[in-house]
Amino acid sequence: MGFTIAQKIIKAHLVEGEMVVGSEIGLRIDQTLTQDATGTMAYLEFEAMGVPRVKTERSVAYIDHNTLQTGFENADDHRFIQSIAKKHGIWFSRPGNGICHQLHLERFGIPGKTLIGSDSHTPTGGGLGMLAMGAGGLDVAVAMGGGTYYITMPKMVRVNLSGKLPAWVSAKDVILEVLRIMSVKGGVGKIIEYGGEGVRTLTVPERATITNMGAELGATTSIFPSDDITYSFMKAQGREADWSELKADDDAVYDEVIEIDLSSLKPLAAAPHSPDNIKSIEELKGKKIDQVLIGSCTNSSYLDLMRVAAILKGKTVHPDVSLGIAPGSKQVFNMLAQNGALADIIASGARVLECACGPCIGMGQSPNSGGISLRTFNRNFEGRSGTADGQVYLVSPETAAVSAIAGVFTDARELGEAANIELPEKFYINDNMILEPASVEEADSVEILRGPNIKPFPVTEELPAEIAAKALLKVGDNITTDHIMPAGAKILPYRSNIPHLSQYCFGVCDSTFPERAKAEGKSIVIGGSNYGQGSSREHAALVPLYLGVKAVIVKSFARIHLANLVNAGIVPMTFVDPDDYDRVDQLDELRIPDIREALSAGTATVINVTKGTEFTVKCEVSGRQRDILLAGGLLNYTKNNA
C-alpha cells in the first residue's frame, strides 16, 4: 500500500508514535512562524524555557496583525518581538512587509517541510506542498526550542479535481464548495489532500487560497502536490533550489474521496455568520451592499489583485459603497505600482490599505450599522468585523470587485470575457524588510526591550484531587475563539496583558461572565459541538485559565483549541451521551471527584449537585497530555521534565 502526500511527510518527520489513525504522533518541525497578536506570548513562553537559540531550520516572526498604533501597546510589543528575535536566532519581518502567510509562501516555504505557526491559517503553506499546521503559541515555542510537536494521526481525505475553472470562477469558489460539502466541522481529525488532473490548472496562489480556508473545515491541514507548477512559482521567486517533487503514490489509500468538477462551479458566497453557509451569487444577485474589502491571507496575492485591477480599470466605485484593498505583501504592492495596476485601483476610488491583516481581524474598516460587507477573507463570524450587527459575506476577488462597482451583489460572469492574467516569470524581490538575527557571538549583547503592557504568564498549579464548581456558562454549537476571546482594534493590543484581556472573555455570549467568574474564583464551562473552532489563539484558553475555569465539558472540540486547553491546564471533557448537555443548566453546581484518576481511566463521573443527578464524560487525551494536565499545563510539564 502506497502513501499519500501527507503520510510521506509525516513518515519522514516522525519522532514518536505510529502512523495509526487516532493515535498520538510526535513530529520534528522544520520551520515555525508567529505573528504579533500571538507572538508576544509565544516568545514570553520561549524565554521561560531557558533555551538560548531556536533549533529549527527557520523560524520567522511576522508583524502583520496589530499594525494599527493608537497607543504605545502595539509599538512596544513590536520592539519586544524584534529584540527577542534578534537575540534568539529568529528572522524578523517588519511591519508593512506583509501578511505572514503570503510572505512565507513567497520567501520561505519549502515543499516537503513541516511548518507550524501560531496562526490557524498556517496551512496556506500546503499550497506549496508543505505539511503546514496552525498551533497554539506554547506549542510553537516548544518546537522552536527543538521539542516535538504532537498531533492525533489524522484520516486522509482526497479531493479529486477535474476540469478547469470557467471564466470569473476562482479558487475561492472551490474552497467554498468544499465547505458546502463538508461543513465547518467536517474536516476535524482529517488532512485534506488535493489531486486529479484539475490540480494542474491551478497556480500556487490559487492552491494557497484553497489550503488557507481549509482551516475553516476544522481540518488538521490541507495540501497540494509539489509539481512543475510549484517549481515555476519558486523559480519566479528565485528559490528554485528549494524545490522538490512531491506526489501521492498511485496506490495510496484514502479514508474518504470527494469529487469536484471545476468546470461545473459557479460564483459562491458564504453568508452570515459561518463560512459554510453557502449561497450562489445567482441567489443573492441584486441585493444592496454597503462595503467591499479585498485582501487578507486568503486573497491578497499578485494574481488576485491584478484581476481586481483589470475589473476596476476605467470604472468608479458605486457611491453607496466603500471599497478597501490591502495587498498581501510589499512584493505584491511594489509590482502593482510598477506595472500601473495600482493607478487603476486608486483611480476607481478604492481606499488602499497597508500590507497587513487589518479588517480581517476587526482591525479597522468596520461596516456601518447593519451594513452588508463583501469580503475576500476567510471568516465571517458574528461581531468579528467590529460591528455587532454587521452582515459579512465571504466572496472571491472577482465577485467583490464587480459588486463594488454595481453597488449590489453581481455575477461577474455577466462581464463576458475575462482578462488573461498570468503569473510573472520573475517576481520583484526585495527582502530589505526582513531582518536576520544576530550571530551566536553577538546574541549576548542584544538587549530585550519590554514595554509596560507585557504582563506575566498566568500562574498554573497541579491538578487537584477533585473539581467542584458551578457551570458558570453554558453555550451552544460552533462556539468560536472569537466568542471566547474576541479580536478587534480595541482588544488585540492587549494580547500580552492577560489580566486586561479577561474583561472581554465570552463577551459576545455573556458580557457578565468575567465579573461572575472573578467573583466565583473557579468555574466550569458547558458547550455544544465543535467548541473552539476558528483561530489558533491560545488566549482563548489562557484568559479562561486566568479567570479560574477548571474544566470545559462539551459535545466535541476543535483540534487546536483542545490542545490549547491542555497546554493551559484546563481539563477538556466530552459528554458520553450528548443528550446530557440538555440536562445541565447554567449555574448548576457540579463536582468531578477523583479527577486525577479519571484522566488515567479516560472517563469521569460528573455529579450535578443541584439536580441530584450524575452523568459520564470522556477525558480523551493521550498519556503525554494527561501528564501535562496533572502538572498544571505545558509550561510546568516542560520545566519538570527539562
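Predicted model: local features only at pLDDT ≥ 70, side-chain atom pairs only at ≥ 80, totals over all residues.

Student: How much space lies in the largest cavity?
Tutor: About 220 Å³.

Student: And which residues lie nearest its centre?
Tutor: Gln35, His65, Asp119, Ile361 and Arg384 do, out of 24 residues that line the largest cavity. By class, that lining has eleven polar, eight nonpolar and five charged residues.

Student: OK, what about the second largest cavity, how much space is in there?
Tutor: The second largest cavity holds about 170 Å³. It has 18 lining residues, and the closest to its centre are Ala215, Gly218, Ala219, Gly534 and Ile560.

Student: Which helix gives the largest share of that lining?
Tutor: Helix H19, residues 559-568, with three residues in the lining of the second largest cavity. By class, this lining has nine polar, seven nonpolar and two charged residues.

Student: Switching topic: which residues touch the most other members in the largest nonpolar core?
Tutor: Phe513, Tyr531 and Val552, in a core of 70 residues. Helix H18 (residues 539-546) supplies the largest share of this core, five residues.

Student: What is Phe513 in contact with, leaving aside its neighbours within four places in sequence?
Tutor: With those set aside, Phe513 is in contact with Leu472, Leu473, Cys505, Phe506, Ser523, Leu547 and Val549.

Student: And how many residues does the second core have?
Tutor: That separate core has 56 residues, including Tyr62, Phe233, Ala236 and Val317. As a general point, nonpolar side chains tend to be buried together in soluble globular proteins.

Definitions and conventions. Residues numbered from 1 in each chain as written. Heavy atoms only, no water. 1 Å grid on protein atoms, 1.4 Å probe; cavity = no way out; pocket = protein on both sides within 12 Å on 5 of 7 lines; lining within 4 Å. Points joined across faces, edges and corners; volume = space filled by probe spheres on them. Nonpolar A, V, L, I, M, F, W, Y, C, P; charged D, E, K, R; others polar. Helix = DSSP H or I, 4+ residues; strand = E, 2+ residues; numbered from the N terminus. Core = buried A, V, L, I, M, F, W, Y, C linked by side-chain atoms within 4.5 Å. Buried < 20%, exposed > 50% of the residue type's maximum accessible area, 1.4 Å probe, protein only. Contact = heavy atoms within 4.5 Å.
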